[in-house]
Amino acid sequence: SMMPRYFSGDMVVCKHLYLSDIFFQWGKVYVINTDQGALIKKVEEGSTSKTITLVSENPAYKPFEIPRESIYNIAIVQGVIRAE
């Protein structure tokens, strides 16, 4: 869902963030651990202060909201390592 920015087999370089004082940088890509497993998505503002909207790079996948309380761990993506 994140192609063409990231491809299967890519390794992303992340910086772990603390949920207690999270400040989202809207439009940046994060790895988010939730009830549904790990997701890598661009984060946008939610419809309320208690949600965030997760957006794929591929337009075939629709954006969706999740409650902030459903996030177990989060890291901001800082780079990618791509094998040739």
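Mentor: A salt bridge is a side-chain nitrogen of Lys or Arg within 4 Å of a carboxyl oxygen of Asp or Glu. Please keep in mind that this is a predicted model. Side chains of opposite charge can pair when their charged atoms come close. The structure holds three such salt bridges.

Let us begin with Glu57 and Lys42, whose closest N and O atoms are 3.5 Å apart. This distance counts because the cut-off is 4 Å. Here Glu57 belongs to the loop between β4 and β5, while Lys42 sits in strand β3, so that distant parts of the chain are linked across 15 residues. Glu57 also has a salt bridge with Arg5, with 3.2 Å between the closest N and O atoms. Arg5 is in the segment before β1 and Glu57 in the loop between β4 and β5 (64-67), so this pair ties together parts that are 52 residues apart in sequence. Are these two residues buried, exposed or partly exposed? Glu57 is partly exposed, at a relative accessible area of 25%, and Arg5 is likewise partly exposed, at 38%. Through shared partners, the salt bridges join Arg5, Lys42 and Glu57 into one network.

The pair still to be described is Asp10 with Arg82, whose closest N and O atoms lie 2.7 Å apart. Asp10 is in the segment before β1 and Arg82 in the segment after β6, so the pair links distant parts of the chain, 72 residues apart. Asp10 has a relative accessible area of 18% and is therefore buried, because buried means under 20%. Arg82, at 41% relative accessibility, counts as partly exposed.

The largest nonpolar core has twelve residues in all, including Leu39, Val43, Ile52, Leu54 and Ile76. Two or more residues of this core come from each of β2, β3 (37-45), β4 (51-55) and β6 (73-81). Ile76, one of the core residues, touches Val13, Leu17 and Tyr30, among others, when residues up to four places away in sequence are not counted.

Finally, consider the surface. Met11, Val13 and Ile81 make a nonpolar surface patch of about 270 Å². Met11 has its place in strand β1 (residues 11-17).

Key. Residues are numbered from 1 along each chain as its sequence is written. This is a predicted model: local features need pLDDT of at least 70, side-chain atom pairs count only at pLDDT 80 or more; totals for chains, interfaces and linings use all residues. Side-chain values use heavy atoms; hydrogens and water are left out. Patches are made of residues with over 30% relative accessible area and no salt bridge: like charges are joined within 9 Å, nonpolar side chains (Val, Leu, Ile, Met, Phe, Trp, Tyr) within 5 Å. Accessible areas come from the Shrake-Rupley method with a 1.4 Å probe; for residues, only the protein chains shown count as cover. Helices (H or I, at least four residues) and strands (E, at least two) are DSSP runs, numbered from the N terminus. A nonpolar core is a set of buried Ala, Val, Leu, Ile, Met, Phe, Trp, Tyr and Cys residues joined through side-chain atoms within 4.5 Å. Buried means under 20% relative accessible area, exposed over 50%, partly exposed in between (1.4 Å probe, protein chains only). Contact means heavy atoms within 4.5 Å.
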